[in-house]
Amino acid sequence: MLDVLAYLFQQYYDADGEPDMPQLARRLSGAGFGDDEIREALVWLAELPQVDAFAYAALSIDGPRMLHPTESNKLAEEAIIYWHSLEASRVLSPEERELVLDRVLRDEAGEVEADRLKLIVLMVVWRKRDELSNLLIEEILFGRDGATLH
């Protein structure tokens, strides 16, 4: 699904408003993406309006954030490494960090792998459209080995 999101970022990121989902599905199909990838991406896009980091302001602390054992047990080893790189770069605000961790804990897939954590981080920063968030999005989507750009 990261390939579909990379395509969307390249083609539609600067567009205003919400995309017409049926039309977007047809365009993604025409670009060569499979039905399962398209369905997952559309579900992901539909969740974006529900993401509100401001609700986590009261829970957040400024400064380094250590993972609670419950949180670290939910993350795969590579996801923990990725989490620590996010912390070191301070790319997420304290509110965004709490929102990401809340979504990790709610994830029904069991142990959260690094790619799933990246999708959650993308969801949190996608709509910010500031320079730092754009760099993070580009790193997640295009900084991967073997990234496919349509």
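Buried means under 20% relative accessible area, exposed means over 50%, and partly exposed is anything in between (1.4 Å probe, protein chains only). The model shown here is predicted, so local features need pLDDT of at least 70 and side-chain atom pairs count only at pLDDT 80 or more, while totals for chains, interfaces and linings use all residues. Residues are numbered from 1 along each chain as its sequence is written, and side-chain values use heavy atoms, with hydrogens and water left out.

**View 1. Arg65 and Glu98 pair up in a buried spot.**

Buried means under 20% relative accessible area, exposed means over 50%, and partly exposed is in between (1.4 Å probe, protein chains only). This is a predicted model: local features need pLDDT of at least 70, side-chain atom pairs count only at pLDDT 80 or more, and totals for chains, interfaces and linings use all residues. Residues are numbered from 1 along each chain as its sequence is written, and side-chain values use heavy atoms, leaving out hydrogens and water.

View 1. Arg65 sits in the loop between α3 and α4 (69-74) and Glu98 in helix α6, so the pair ties together parts that are 33 residues apart in sequence. Helices are DSSP runs (H or I, at least four residues), numbered from the N terminus. Both partners are buried. Glu71 joins them in a network of salt bridges. Searching the whole structure turns up 7 salt bridges.

**View 2. Arg116 and Asp107 form a salt bridge.** This one is also listed at 2.6 Å, N to O. Arg116 is partly exposed, with a relative accessible area of 32%, whereas Asp107 counts as buried at 9%.

**View 3. Five acidic residues form a negative surface patch.** The members are Glu77, Glu78, Glu111, Glu113 and Asp115. Patch residues have over 30% relative accessible area and no salt bridge, and like charges are joined within 9 Å. Asp and Glu count as negative, with the charge placed at CG of Asp or CD of Glu. Zoom in on Glu113 and you're in the loop between α6 (94-106) and α7 (114-125). Glu113 is partly exposed, at 43% relative accessible area.

**View 4. Ala109 lies in the loop between α6 and α7.** At 60% relative accessibility, Ala109 counts as exposed. Ala109 and Leu136 are 27 residues apart in sequence and 24 Å apart in space, C-alpha to C-alpha.

Methods. Patch = residues over 30% accessible without salt bridge, like charges linked within 9 Å, V, L, I, M, F, W, Y side chains within 5 Å. Areas by Shrake-Rupley, 256 points an atom, 1.4 Å probe, with all protein chains shown as cover. Salt bridge = Lys/Arg side-chain N within 4 Å of Asp/Glu carboxyl O. Helix = DSSP H or I, 4+ residues; strand = E, 2+ residues; numbered from the N terminus.
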